Amino acid sequence: MADLFVDIVTPNDHRYSQPTGLFINNEFVPSGGQTITSIDPATDKPIATVHAASTGDVDRAVNAAKAALVNPCWKKLPATGRGQMMARLADLIEKNRELFASIDAWDNGMNPPDRPPRRIQLTNQGNPIMSPSTKTSPKPSSKPSSKPSLKQLTISTTPEKFAYTIRQPVGVVGQIIPWNYPLSMATWKLGPVLTCGNTIVLKPAEQTPLSTLVLGNLIKEVGFSPGAVNITNGYGREAGAALASHPLVDKIAFTGSTMTAREIIRMAAGTLKNITLETGGTSPLLVFPDADLDEARDIFQFFLTKFKEAVKTTSKIGDQLDESIFQEPQVTRAQYKRILSYIEMAKSEGATVVTGGSAHTPANSKNEKGYFVEPTVFTDTTDSMRIVREEVFGPVVVILSFSSEEESIQRANSTTYGLGAAVFNLERAHRVAAEIESGKDRSYQYGQQAVMILLLSYETVIE
C-alpha cells in the first residue's frame with residue numbers, strides 16, 4: 001500500500017484528505033506491510049484502508065519519541081511555550097470541529113449532533129492555558145487552591161545545606177486509546193502529557209484510526225518538534241503489545257477492557273513501567289424511594305413500566321448521521337455479534353426480556369447490513385448471571401429490585417469492576433456513595449422508585 005493520503009467525502013459532504021500512514025517524526029510514513037480497513041458500521045461498507053504498525057514500526061516511533069525528549073528544541077522549551085502550542089492546537093481542533101465530528105461519527109457509529117463540543121475538548125476547559133481560543137492568563141485569586149502545585153520546592157535541612165526539588169517529565173509515554181470516543185480520548189491523553197514536556201507514542205484503536213491521523217496534520221501545522229507526538233495505527237496484539245513492553249517507554253496510559261489491561265500490566269512489568277489504567281464497568285445506578293422500602297415491589301413494577309415506555313419513545317435507531325435518531329449502530333460486526341450473544345445467553349439462563357432482545361434492521365435499505373441492536377431491558381435475573389456480572393458494552397440494561405440500603409451497596413460492590421456508579425436520592429447520596437467501591441460516583445434525585453439498574457451499555461447517567 002503506497003498511498004499515504006486518500007481523498008474522501010463523508011456522507012454529510014465534508015471533503016478532506018485522509019492520512020493513511022503512520023505518523024512518525026512529523027511525517028506520514030508507510031508501515032511494514034499490514035493494513036487496517038475502517039468500516040462504516042451503519043452500512044458495513046469500507047471507508048478507508050490505513051497502514052498498520054508492526055513491532056519494528058513501533059520501535060521506530062519509540063526511538064523518535066526518545067530522541068525528541070532530549071532534543072533541546074523540545075527539552076528546553078519552557079512550559080509557557082508548550083502551553084501556547086497546546087492552545088494553538090486546541091484552536092485548530094475547534095476550527096475543524098465539524099469535520100472531526102463527521103469523521104468520528106462515520107468511523108465509530110456515534111451520532112454527532114450537539115455532541116462535538118464535548119468530544120473535541122483538548123483538555124479540561126477550566127485550565128485557561130489549554131482551552132480553545134484563550135490567550136489570557138487566569139486572574140490571581142486570594143482563595144487557597146486545592147490543586148496540587150507543580151512549583152519547585154526548596155527545603156531547609158541544616159544551616160549548611162538545603163534540598164530542592166525539580167519537576168521533570170516522566171519520559172516517553174505510550175498511550176493506547178479505545179474506539180468509543182476516538183478524538184476525545186486522544187486529546188485527553190495528549191494534553192497533560194505534552195504540557196509537562198513528555199513525548200508520546202499514541203496507538204489509536206484498530207477499529208477507529210481515522211480522526212487521530214487527521215489530528216497528526218494539525219500537530220505538524222502547530223510546529224511541535226519532530227518526534228514529540230507519534231501515531232502508530234495498528235492491531236493491539238502486535239502494535240499495542242510492542243508499545244507496552246518496549247524498554248524505552250517510561251509510562252503506559254491505557255483505556256479499554258479489563259482483560260486487555262491485565263495483559264498490559266503483565267507486559268509492562270518486565271521493565272517496571274509506570275501505568276495508568278481506565279478499564280471496564282457494569283456501573284450500578286441506585287434509585288431510592290422516599291416511601292417505605294416495604295413497598296419496593298410495587299415501586300419496582302411502576303418503574304419498570306415507565307422505563308419501558310421511555311425506551312420505546314426515546315430510542316429511535318438509525319444511521320449515526322441522521323440527526324433525528326437516538327441510538328446508533330455498534331462499532332464493528334464483532335461487537336455487534338458479541339452483544340447479541342450476551343442477549344441470547346441471558347435468555348437461555350432464564351432472564352425475562354422486557355423490551356428489545358434482538359438485532360434491528362432499519363427501514364432505510366442502505367442500512368440493512370448495519371450493526372444495529374434493539375435497546376434491550378432484562379429483569380428476573382440473578383446476580384450470578386453473566387448478563388449482570390460482565391461488561392456487555394452495548395444497549396443493554398438489567399433492572400433489579402432491592403429491599404434495603406445495605407443490600408443495594410453489597411450488590412453494587414459484588415463485581416470485579418469499579419468504573420462508575422450513581423445514586424438517585426440526595427438524602428442518601430453522600431452516605432451511599434462513600435460505601436460504593438467505584439472510581440466515579442454521581443448523585444441525583446429521581447422520583448419515588450426503588451430499583452437497582454446495572455447499566456451495561458455505558459457509564460453515562462442522564463442528568
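Mentor: This is a predicted model, in which local features need pLDDT of at least 70 and side-chain atom pairs count only at pLDDT 80 or more, while totals for chains, interfaces and linings use all residues. Residues are numbered from 1 along each chain as its sequence is written, and side-chain values use heavy atoms, with hydrogens and water left out.

Mentor: Just after H4, Gly109 takes a positive phi of about 90°.

Trainee: What is H4, and what span does it reach?

Mentor: Helices are DSSP runs of H or I with at least four residues, strands are runs of E with at least two, and both are numbered from the N terminus. Helix H4 covers residues 97-108, twelve residues in total, and reaches 16 Å from its first C-alpha to its last. This is close to the 16 Å expected at 1.5 Å a residue, the expected span being 1.5 Å times one less than the number of residues.

Trainee: Why is Gln320 called buried?

Mentor: Buried means under 20% relative accessible area, exposed means over 50%, and partly exposed lies in between (1.4 Å probe, protein chains only). Gln320 has 1% relative accessibility, so Gln320 counts as buried. Gln320 is found in the loop between helix H10 (296-314) and helix H11 (333-348).

Trainee: What makes the pairing of Gln320 and Asp40 a polar contact?

Mentor: A polar contact is a pair of N or O atoms within 3.5 Å; within protein, one must be able to donate a hydrogen and the other to accept it, and residues adjacent in sequence count only if both atoms are side-chain atoms. The side chains of Gln320 and Asp40 meet this rule at 3.1 Å.

Trainee: Which residues are linked in a network of salt bridges?

Mentor: Glu94, Arg97 and Glu98 are linked in this way. Within it, the side chains of Glu98 and Arg97 meet at 3.9 Å, N to O.

Key:
Salt bridge = Lys/Arg side-chain N within 4 Å of Asp/Glu carboxyl O.
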